[in-house]
Structure formats: structure tokens, C-alpha cells
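Hello,

Here is the structure we talked about. Please look it over, then read the notes below.

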Amino acid sequence: MNEKVTILDRKEIEILGATRVIASTAKEAVIEIEGGIMTVAGNNLEVTKLDLDNREVKFSGQINNVKFSDKREKVGLLKRIFK
């Protein structure tokens with residue numbers, strides 16, 4: 001399955017292809033997708049749908065930034081931080 005990201009009026013984001021939610025706070029969500037890591041930053045972020053069997057995650061809130069990174073880069077950074 002490929003990833004698909006849909007953002008509606010910067011108030012809702014739907015992510016298809018999510019394999020797990022690594023972390024989620026009101027200001028940031030880190031989601032593992034098939035192709036790497038996706039970080040959503042904003043305010044008042046809430047998970048409104050979590051269906052990992054179908055690889056679907058939805059958030060609502062004010063979406064300010066979406067960033068994609070490679071899994072290897074993220075793991076390397078975490079290892080360096082927690083040494």
C-alpha cells in the first residue's frame with residue numbers, strides 16, 4: 001500500500017499507510033508510515049480515528065507543519081540522543 005495524506009483546511013489530516021503512532025501530544029504527532037516517519041506539528045491535535053488494521057489515522061486541530069523523514073535517519077537521531 002502506498003501512503004496518502006489528505007489535509008482539509010489545515011484543520012484535519014488523514015493518513016493512509018500508517019503502521020503505528022509513535023507519539024502524540026496536543027502539539028506534535030509522530031507516525032510511522034510505510035516509507036518512513038511522518039511528523040505533524042500544530043496546536044490542539046487530537047486523534048479522531050485510529051484504525052491500524054486498515055492503516056488509517058486521522059487527526060483534528062490546527063495543522064502548521066508536516067515533515068517526512070527516512071526511518072534510518074530518525075532511529076540514528078534517537079540513538080545519538082539516548083547514548
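Ile7 is partly exposed, because its relative accessibility is 41% and the partly exposed class runs between under 20% for buried and over 50% for exposed. Keep in mind that this is a predicted model. Ile7 sits in strand 1, which covers residues 4–8.

Arg20 lies in strand 3, residues 18–24. Its relative accessibility is 42%, so Arg20 counts as partly exposed. What does Arg20 touch, leaving aside residues up to four places away in sequence? The partners are Ile31, Glu32 and Leu52. Ile33 is 13 residues from Arg20 along the chain. The C-alpha atoms of Arg20 and Ile33 are 7.2 Å apart.

Now the chain as a whole. It holds 6 strands and 1 helix. Read from the N terminus, the order is β-β-β-β-β-β-α. The chain has 83 residues, and 28% of them count as buried. Its accessible surface is about 5,600 Å². Carbon and sulfur atoms account for 49% of that surface.

One last item, on contacts. Take those between residues at least 6 apart in sequence: 44% of them link residues at least 24 apart.

Best wishes

How values were computed. Residues are numbered from 1 along each chain as its sequence is written. This is a predicted model: local features need pLDDT of at least 70, side-chain atom pairs count only at pLDDT 80 or more; totals for chains, interfaces and linings use all residues. Side-chain values use heavy atoms; hydrogens and water are left out. Helices (H or I, at least four residues) and strands (E, at least two) are DSSP runs, numbered from the N terminus. Buried means under 20% relative accessible area, exposed over 50%, partly exposed in between (1.4 Å probe, protein chains only). Contact means heavy atoms within 4.5 Å. Accessible areas come from the Shrake-Rupley method with a 1.4 Å probe; for residues, only the protein chains shown count as cover.
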